[in-house]
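Let us walk through a protein model step by step. Keep the structure in view as you read.

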Amino acid sequence: MNATVAVILALAVGTYAFRLVGPVLHGRVTVPPRTQELASAGAVVLLVALLATGALTEDGGFAGWARPTGVLVGGVLAWRRAPFAVVVLAAAVTTALLRLAGMG
């Protein structure tokens, strides 16, 4: 068996096991409220970190002002509960216009 195929199979089995654990253990294990709060906060922190690194860096350096500004516009519109298509288009248009203006 090829090593790549073995890794893919191992990841598939692990993913299926994680998906199966929720329904199997539902009602048998109680998670304290504090642990639930910490898990929720940790998920938010990880998403913000991913957003920041994706918006601010490119090839190990600063990505320029156009991309973070587009992300900021999209974030504000999403926070204001604008439709998803409006959020994406506004962020893309903002980034494109700033790049055209030379703020790359």
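Start at Glu58, which is partly exposed, with a relative accessible area of 40%. The cut-offs are simple: buried means under 20% relative accessible area, exposed means over 50%, and partly exposed lies in between (1.4 Å probe, protein chains only). Glu58 has a partner, for it forms a salt bridge with Arg67. Their closest N and O atoms are 2.5 Å apart. A salt bridge here is a side-chain nitrogen of Lys or Arg within 4 Å of a carboxyl oxygen of Asp or Glu.

A word on the ground rules. This is a predicted model, in which local features need pLDDT of at least 70 and side-chain atom pairs count only at pLDDT 80 or more, while totals for chains, interfaces and linings use all residues. Residues are numbered from 1 along each chain as its sequence is written, and side-chain values use heavy atoms, with hydrogens and water left out.

How many salt bridges are there by this rule? The count is two. Side chains of opposite charge can pair when their charged atoms come close. Arg34 is exposed at 55% relative accessible area. Glu37, at 49%, counts as partly exposed.

Now step back to the whole chain. It has four helices and two strands. Helices (H or I, at least four residues) and strands (E, at least two) are DSSP runs, numbered from the N terminus. From that end, the order is α-α-β-β-α-α.

What is the radius of gyration of the chain? It is 20 Å, whereas a compact globule of 104 residues would have one near 13 Å. The radius is taken over C-alpha atoms, and the globule rule is 2.2 Å times the number of residues to the power 0.38. Along the principal axes, the C-alpha atoms fill a box of roughly 55 × 45 × 25 Å. Of the 104 residues, 12% count as buried.

Thr95 is buried, with a relative accessible area of 13%. This residue belongs to helix 4 (residues 84–100). Which residues does Thr95 touch, leaving aside its neighbours within four places in sequence? They are Ala66, Arg67 and Gly70. Contact means heavy atoms within 4.5 Å. Arg67 is also the partner of Glu58 in the salt bridge described above.

Next come the rings. The structure holds one aromatic pair. Phe62 and Trp65 have ring centres 5.2 Å apart and planes at 70 degrees, so the pair is edge-to-face. Rings of Phe, Tyr and Trp (its six-membered ring) pair if their centres lie within 6.5 Å; planes under 30 degrees apart count as stacked, over 60 as edge-to-face and the rest as tilted. Phe62 is partly exposed at 49% relative accessible area. Trp65 counts as exposed at 54%.

The chain exposes about 8,300 Å², and carbon and sulfur atoms supply 73% of it. These areas come from the Shrake-Rupley method with a 1.4 Å probe; for residues, only the protein chains shown count as cover. Leu25 lies in helix 1 (residues 3–25) and is partly exposed at 37%.
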